[in-house]
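Work through these exercises with the structure open beside you. Each task is followed by a worked solution.

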Amino acid sequence: MFGQYKRIHGGHEAGVLTGKGLLYGGSLARKEATGFGCVYFVKEMLQSKGLSFQDSTVVVSGSGNVSIYAIQKAQELGATVVACSDSGGYIHDPQGINLDTVKRLKEVDRLRISEYIKEHPHATYTEGCEGIWSIPCDIALPCATQNEIDEEAAALLVKGGVKAIGEGANMPSTLAAIDVFHGAGVLFGPAKAANAGGVAVSALEMSQNSMRLSWSFEEVDAKLHDIMKNIYTSCVEAAEEYGCEGNLVAGANIAGFLKVADSMIAQGVV
């Protein structure tokens, strides 16, 4: 797309499209950004209650970019990730998912996640994705697809002792599921806030293009971490100000609406 844009437009303007290759204006950490960002958001939620990823059990759905790098960051923060999935089914590895194997299967060999158990026979594979939420865990990161957690799955997670949910996919929890989480006092990070890391690093890519700079992976990652902390803080403050303390769904909706509405008013649109 970028090549065709340049051909039609006749100019470079690297920032007009993001997710580019590193050789022509792309940013380091863009691939990892959504998964890393989701974990950073959940980290803030957990810290607000004196909790952390350290020594926690985590279930992550999916095995694409978001899922793989959510697993990576959760493991880096001391968690044991025991399950992940693809469209065919899910694996459960009580000893902790071997991320190198998952990366090779999905990013290099392009195979099904079921192949994992051939190399790790202590793990199990189950056809169908729904049962992944029956695995007891402290933290659940739905990173696969829309509406993957319904009311029944949410109840299973609550029964299994889940303390926090971070939506890495776009709207993976149904409204009924969210009601279950809120009713049980589970920390819930909604997609429009928790999975903003990808578009955040797209903006950082545009910034690098504008300045003719290329930041290191560590620089981009640090900026992403700060952005996710700020998004979390905005959600918390908006929820508190408008009488919905602790409800990050309301906080994210209100904070997002106010940013757009205030800009429209300031610029004379309304």
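## Exercises on the sheet

**Exercise 1.** Which residue in β3 stands opposite A83? Start there and find how β2 and β3 are joined.

*Solution.* The model is predicted, so treat each step as a reading of a prediction.
- Step 1. A83 faces H92 of β3.
- Step 2. Strand β2 covers residues 80-85, and strand β3 covers residues 89-92. The two run antiparallel and are joined by three bridges.
- Step 3. Three residues lie between β2 and β3, and the two strands form a hairpin.

**Exercise 2.** In which sense do β3 and β4 pair, and over how many bridges?

*Solution.* 
- Step 1. Locate strand β4 at residues 124-127.
- Step 2. Its pairing with β3 is antiparallel, over four bridges.

**Exercise 3.** What is the strand order of the open sheet, and which strands are its edges?

*Solution.* 
- Step 1. Seven strands make up the sheet, in the order β4-β3-β2-β1-β5-β6-β7.
- Step 2. The pairing is mixed.
- Step 3. β4 and β7 (187-189) are the edge strands, each pairing on one side only.
- Step 4. On average, neighbouring strands are turned by 15° against each other, direction ignored.

**Exercise 4.** Are the residues on the two faces of β5 buried or exposed? Then place helix α2 against the strands.

*Solution.* 
- Step 1. Side chains in a regular strand alternate between the two faces of the sheet.
- Step 2. Sort the β5 residues by side: I139 and L141 are on one, A140 and P142 on the other.
- Step 3. All four are buried, so both faces of β5 are covered. The cut-off for buried is under 20% relative accessible area.
- Step 4. Helix α2 (residues 33-48) lies across β5 (139-142), β6 and β7. Its direction is at about 155° to β6.

Terms used:
Residues are numbered from 1 along each chain as its sequence is written. This is a predicted model: local features need pLDDT of at least 70, side-chain atom pairs count only at pLDDT 80 or more; totals for chains, interfaces and linings use all residues. Side-chain values use heavy atoms; hydrogens and water are left out. Two strands pair if DSSP finds at least two bridges between them. Axes are lines fitted to C-alpha atoms, for helices over the stretch in contact, and angles run from 0 to 180 degrees between N-to-C directions. Contact means heavy atoms within 4.5 Å. Buried means under 20% relative accessible area, exposed over 50%, partly exposed in between (1.4 Å probe, protein chains only).
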